[in-house]
Amino acid sequence: MLRPDPIRTGDAGPDTCTNCSRHGTARCCQARTLGDDRDVGQRIYDLAAELYPICRSITGNGVRYTLGILGRHIDIDVTEVPSGTQVFDWTIPREWTIADAYIANAAGERVVDFRASNLHVLNYSAPVRAQLPLEQLKEHIFTLPDQPDLVPYRTSYYAERWGFCMSDNALAALPPGDYTAVIDSKLAEGNLTYGEHVVPGDAEDEVLLLAHICHPSLANDNCSGLALLTMLARELGRRPRRHTYRFVFAPGTIGAITWLARNEAGTVRIKHGLVVSCVGDGGGPTYKKSRRGDALIDRAMAHVLKHAAPSAVIEDFSPYGYDERQYCSPGFNLPVGSFQRSKYGTFPEYHTSADNLDFIAPEHLEQSYRLIVAAIEILENDRTLIGTNTKCEPALGRRGLYATVGGDKAVAQDNMAMLWVLNFSDGTSSLLDIAERSAMPFAVIDAAAVRLEQAGLLGAP
Amino acid sequence: MLRPDPIRTGDAGPDTCTNCSRHGTARCCQARTLGDDRDVGQRIYDLAAELYPICRSITGNGVRYTLGILGRHIDIDVTEVPSGTQVFDWTIPREWTIADAYIANAAGERVVDFRASNLHVLNYSAPVRAQLPLEQLKEHIFTLPDQPDLVPYRTSYYAERWGFCMSDNALAALPPGDYTAVIDSKLAEGNLTYGEHVVPGDAEDEVLLLAHICHPSLANDNCSGLALLTMLARELGRRPRRHTYRFVFAPGTIGAITWLARNEAGTVRIKHGLVVSCVGDGGGPTYKKSRRGDALIDRAMAHVLKHAAPSAVIEDFSPYGYDERQYCSPGFNLPVGSFQRSKYGTFPEYHTSADNLDFIAPEHLEQSYRLIVAAIEILENDRTLIGTNTKCEPALGRRGLYATVGGDKAVAQDNMAMLWVLNFSDGTSSLLDIAERSAMPFAVIDAAAVRLEQAGLLGAP
Amino acid sequence: MLRPDPIRTGDAGPDTCTNCSRHGTARCCQARTLGDDRDVGQRIYDLAAELYPICRSITGNGVRYTLGILGRHIDIDVTEVPSGTQVFDWTIPREWTIADAYIANAAGERVVDFRASNLHVLNYSAPVRAQLPLEQLKEHIFTLPDQPDLVPYRTSYYAERWGFCMSDNALAALPPGDYTAVIDSKLAEGNLTYGEHVVPGDAEDEVLLLAHICHPSLANDNCSGLALLTMLARELGRRPRRHTYRFVFAPGTIGAITWLARNEAGTVRIKHGLVVSCVGDGGGPTYKKSRRGDALIDRAMAHVLKHAAPSAVIEDFSPYGYDERQYCSPGFNLPVGSFQRSKYGTFPEYHTSADNLDFIAPEHLEQSYRLIVAAIEILENDRTLIGTNTKCEPALGRRGLYATVGGDKAVAQDNMAMLWVLNFSDGTSSLLDIAERSAMPFAVIDAAAVRLEQAGLLGAP
């Protein structure tokens, strides 16, 4: 097992919160504010940039190199599964190794070169070493006629095939004649590789956070997701937490299927999950609900996006996309949603050479990070309380919780939040229910609940 | 009983479908395409044109003549119910016979003539033979002051009355003076007549298809409906089918009540039903749901209209309209909806002489026909399946069901349809449920399901 | 107990309605029309104008004077609850008496004078008699910088404090120097006062009608509500009625809490309730639903407002506003909604000196009155019936209930209403259900039901 040099984060201490005494740690309430994390967007960007040049595929060293880099920030547990292993309806494919690939003209000049961009080779391409005329070579070349400057990203995992990808303009500029096509790759028995990181919590209930690790030099899809989850894992390790957080960095589809096949029994612990990809561009944000549609993660993400980003799009589940396809297959039907900025397939840069480091930006990465953290705060803090005075309102003014001069039409949001929490904390509505009903941010409702708990006006049902 | 010269259609053969083996006939899959029926709009139009001149009413020979013409295309079983028979709260009225009707001026010239249009006589009018001044005659004349060129259609079934209908302009042109009013009609003991045609299916479950047969020379209302259902009955007779289809051609209100009174016990077999009228104009299409509102016919028609006609209107049930009023009375509450183009009462030609053969057109009749056929295909083919691989997606590429080059953002609709069917075929969602959820046409979802069944990836729950 | 000179209204007689025989009184059907009440808007206005000058607070003689005036129109039962009494989480505060209040300049001229408007004194202000410079005085002065011509209404019930309210312009015009501040008030042991009026009905089921009585010279908020309910109580006393109507005129918050604390057992009889305030301006109308959201009062008010006032606003419950806050606290959760014209806090005159007698008008008061009466008619007359002929429509024409000439596209609303009532009176839908489903006014549906009952076509389930 590959064990890169991890930076281990300290465990959360077991002390009692001096403020709200909820989570059994000294930093509970303080940890609610995120102000200590101001440069997180840049740090995610820098990590994504470090991952960008690596040529990843569904198997092979690209995944291992990537996990090695993530492992400098968080402890990564790497699993290798041999080629030929049966995982549900699928078989682990051979391991792909690639050293070089190019098309050379008669003068021996490289007109397409893997060293310039790993997108130039059909991902998982079989080896080839052949001389052939342009017309015949074209059968092995993928371009984007509608985006003639861009190189497409193409794969051929499940049919053995060799090929190149290039811009349509570059292809058009090639004079007729014979060319030499070389792909110095190997498809051989080996392993499929994935990595995991666990942040243990007070409970065994797990929150699953997932990013696919199989795409080569595409910055948004998914260097951005891998980097964001790595920084999130670090941060969660520093905070008190109720849930256990499991991060899985696995190849798309086959990696997710492999993980599920090897961890089927453990899926009963998964209470919430999120597939994270394409989180660095300026579009969206987009949340696609789990197949269940009413899971807490669905409600939490929808709530956060509604308040934080009015342009946000909340979509119902559909069975195409990223690995929510597997986690939400009917035999699992896990509460796993999908978070992105621009939705896959809808932006022109998608799966092209334009999905590069200019396409993602620290501020978008930071907003994505903060939206996910806000949803996690709901997963952590949503709870159902009951008022100690349910017949008429309690006298808030006497307790210093309410303005003593009346009649003003401007009632502070904090006062309104307390009234909402008091009225609907009847043992059936959770704080998120109340936040939704009042159209107030969860954080405001939660803060009002903490004040009322401290005043003895709210308790467990 | 009147037995016109029927063209009997052959029974569907009992062989097994060579393709999908679903329906136990050789033509199952082939029958899904409608390409063999290209001139159906013109054939419906021609039949409607043949029915148009007949003077129909709720009783009398007009209904018999009409059934005779339909009987040249399909086998019609005619029922005669004597005047005075009690049917629920109603009594079968006397039979109406009319030979001639006119208003003549002092010179003996016919200024209103039943021979020119049967709309000129108040439908079901009592006989009269009288000479009277214009002012007194006017009490017996119906016009449309807001549409002064048109002759209205008016009836007086349940109060004995004589009268004429004419255009307001023609009435205004009549000089004062004495006129002779002659209506050579007879109201006498006789029968109420209705016709039925049954296309037996594999199951006794019945689909009821209804058109009222009591309106005189009104092309859309309802020569169009009578002609469409006749051609549909022919076509269904040629196809494999699960359900039994019962066509009823009966006078409005009293005919429907009579049929229900005589067939009350059999209504338990009625699983779906549709009242068809005004299907030849260019408006709508309009579907009014059954009183239940969530019957399969309601969902099927709404689905078909949504995809085929973006201008379509789906309405909730209301207790006014055609014979859905009786079939959806609370004591029956049958799953019977109503299909039209323009909705009754909303188009200026409604119940006037402008509802003539120029108002209907083969292309509208054809679209109406195809929409109804598409809904029937849902009634026939909707089913609930379960995947054989519910834990993660099955490997479609290995089975040749999926493109082997990945990464392209344009995913074929057929691939998407397979993913939808696989993900939601968990034994609780029918194909129509999946079609609605995916916003894909039922036919596309159904075709994907057939492919997956053939590949062994889907089966009965 | 204060017993002002009441005008007692006669009890409804026990005779049988000569028309519909529903309510066991001779005036049942006649009472459905409100035409005998044409000047009600002016009468409500005049009463509100009489109440306007009184300086009310949550305790003290202002409430008693007000109840005395109301008592000239209806019999008022007055309750006095001693200071210091515990009511749920609250304690009845001291009684406030005020004789005079002013700020005088060095010349002894009153620059702020309680005799000009009782808004000038901070409501429930502690006494003061002090000479102090302007800058120091300003700490006790409330103004509205954004509405510099208006005097705000401010209170300080639960923190002992003295103060004045004045226009920002008037404050700006005060020259520096010493001023004399005099508030000749008293806060002493005494009572909290509220009044009730009961209109007994055939049943013990109660409809609670509530108006707060604690605001000083604010015409809309709530002289209008007090006056409207008083006139409504008179009118209900004259009509036959199924329900018992209880009117409560109590100080806001503490008065409602006191009433609930003293009448907790009786709340089981409360089937419907309405808080009435700000009913005289030209905005809205606004109905805020009870916490339950689906109470009959919620549906009745929403139905009435939808038909009578297209600009009406129907809001979900929120825990801020008037005394619905207490009646809808989770421990009671009574079916009590809130009716207003412009919503509290949303109009510029709210809680300012601009909420004067020019701000309210007889026509708005009358419309408010009629909307509430229409909702009460639904509470009184909503019922679930069942047709005697549920299989097919009954023959309405034979019974003279339907036009005998058919074919006309304009079907009278009354005919449509009968069809709706017949089709949906299957023992599960009430008349209000049918009115909502048909989008017809309840009164039209109810009248159709009465006709059908009289014809023997509808009866109790």
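Predicted model: local features only at pLDDT ≥ 70, side-chain atom pairs only at ≥ 80, totals over all residues.

Modeller: In chain B, eight strands make up an open sheet with mixed pairing, and the order across it is β1-β10-β12-β11-β13-β16-β14-β15. The edges belong to β1 (77-82) and β15 (313-315) of chain B; each has a single partner strand, so one side of each has no neighbour in the sheet. On average, neighbouring strands are turned by 20° against each other, direction ignored.

Now zoom in on one pair inside that order. Strand β11 (residues 206-212) of chain B runs parallel to strand β13 (residues 270-276) of chain B, and five bridges join the two. If you want a spot to start from, find E206(B), which sits opposite I270(B) in β13(B).

Next, the helix. Helix α6 (residues 254-262) of chain B lies across β1, β10 (191-199), β11, β12 (244-250) and β13 of chain B. Against β10(B), helix α6 of chain B runs at about 65°.

H351(B) falls in the loop between β16 (336-340) and α9 (362-381) of chain B. Phi of H351(B) is near 55°, which is positive although the residue isn't glycine. H351(B) has 7% relative accessibility, and since buried means under 20%, H351(B) counts as buried.

Conventions. Residues numbered from 1 in each chain as written. Chains lettered and ligands numbered in written order. Heavy atoms only, no water. Pairing = 2+ DSSP bridges. Helix = DSSP H or I, 4+ residues; strand = E, 2+ residues; numbered from the N terminus. Axes fitted to C-alpha atoms, helices over the stretch in contact; angles between N-to-C directions. Contact = heavy atoms within 4.5 Å. Buried < 20%, exposed > 50% of the residue type's maximum accessible area, 1.4 Å probe, protein only.
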